[in-house]
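My notes follow in the order I made them.

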Amino acid sequence: MQRKNHEKPRLLFAHYYEVSSLQLFPYKHDAYVCDATASDIELIMGTCNETTVKLQQSRVFEIRNKLEHNNEEIPSAKEMGKSIELVSEVVTTLQDLGLIPVIFATKAVQSDAFDRTWVVSEDGLGREIKWHPSPALKAIRSLPEITEPQIIIPGFRIPETNEPLRFEVEEDSEYTKMWQDYPKHGSREAPKDIEKVSAAVPVSSEESPQSRNSGVTGTSDPQPVGPSVPHDTRV
């Protein structure tokens, strides 16, 4: 991936980017991987490669296929146990890096005498991570508040800081699914019945003398304009 092909136009940069160095604007590309540090990318790619090799060498896919299809040969309990153990290990490794999303709740917020802050976040299994919110990212409104439940990606740090990449949690429910495309706009096409009637009624391009005077065009029997005046029949 060529970073220069994914650079954002300067018009989309934060307004303070060129006038202040106190606040950072780390999102300079439309693909985050172009903003990530080389060390983070190397760690993520190395973990993904190791995971693939482990799954292939342990025959996890072969054992899974034997369970799905009507095969005479069924994997033994020992084989299934080893596969489950390996998959659990792999999932835990990916969760630790944030490659499998995990929701964390804030357990504690700590500060020292210099007003430096540390946050202790805990997931549903009781696993904790301790991270430092950077004061140089106060202007980034897209980051969730440190006290809110959120998805934390420890494997990716926000560029130029030690703060992990973080995302807000959007709950999914039947209610959100029902309103996901709201507002929906109806079709602007004319009803078919009206189209048939319009096609059946000829429209004249000629004007009658009366229509010129009344301002109505294309009608054979124009309506009178203004109050009607009775004719004088006296001789």
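Which residues lie nearest the centre of the largest pocket? I looked this up and found Pro133, Ser134, Leu137, Lys138 and Ile146, out of a lining of 17 residues. The model is a predicted one, and I kept that in mind for every entry.

I then took the volume of the largest pocket and noted about 390 Å³ of space. Sorting the lining by class, I counted seven nonpolar, seven charged and three polar residues.

**Sheet**

Next I asked in what order the strands of the sheet run. I read E3-E2-E1-E4-E5, five strands in an open sheet with antiparallel pairing. E3, at residues 128-131, and E5, at residues 164-168, are the edge strands; each has a single partner strand, so one side of each is left without a neighbour in the sheet. For the twist from one strand to the next I wrote down an average of 35 degrees.

**E1 with E2**

How many bridges pair E1 with E2? I found six, in the antiparallel sense, with E1 covering residues 103-111. As an example of what faces what, I noted Ser111 opposite Thr117 in E2. The hairpin of these two strands has five residues between them, and there I marked Asp115 for its positive phi near 65 degrees.

**E2 with E3**

I moved on to E2, residues 117-122, which is joined to E3 by four bridges, again with the strands running antiparallel. Here I looked up Val120 and found Lys130 of E3 as its bridge partner. The hairpin of E2 and E3 also has five residues between the strands. Gly126 in that hairpin takes a positive phi, near 85 degrees.

**Confidence**

Last, I checked how far the prediction backs these notes. The average pLDDT of the protein is 80, and 75% of the residues score at least 70.

Definitions and conventions: Residues numbered from 1 in each chain as written. Predicted model: local features only at pLDDT ≥ 70, side-chain atom pairs only at ≥ 80, totals over all residues. Heavy atoms only, no water. Pairing = 2+ DSSP bridges. Axes fitted to C-alpha atoms, helices over the stretch in contact; angles between N-to-C directions. 1 Å grid on protein atoms, 1.4 Å probe; cavity = no way out; pocket = protein on both sides within 12 Å on 5 of 7 lines; lining within 4 Å. Points joined across faces, edges and corners; volume = space filled by probe spheres on them. Nonpolar A, V, L, I, M, F, W, Y, C, P; charged D, E, K, R; others polar. pLDDT = per-residue confidence, 0-100.
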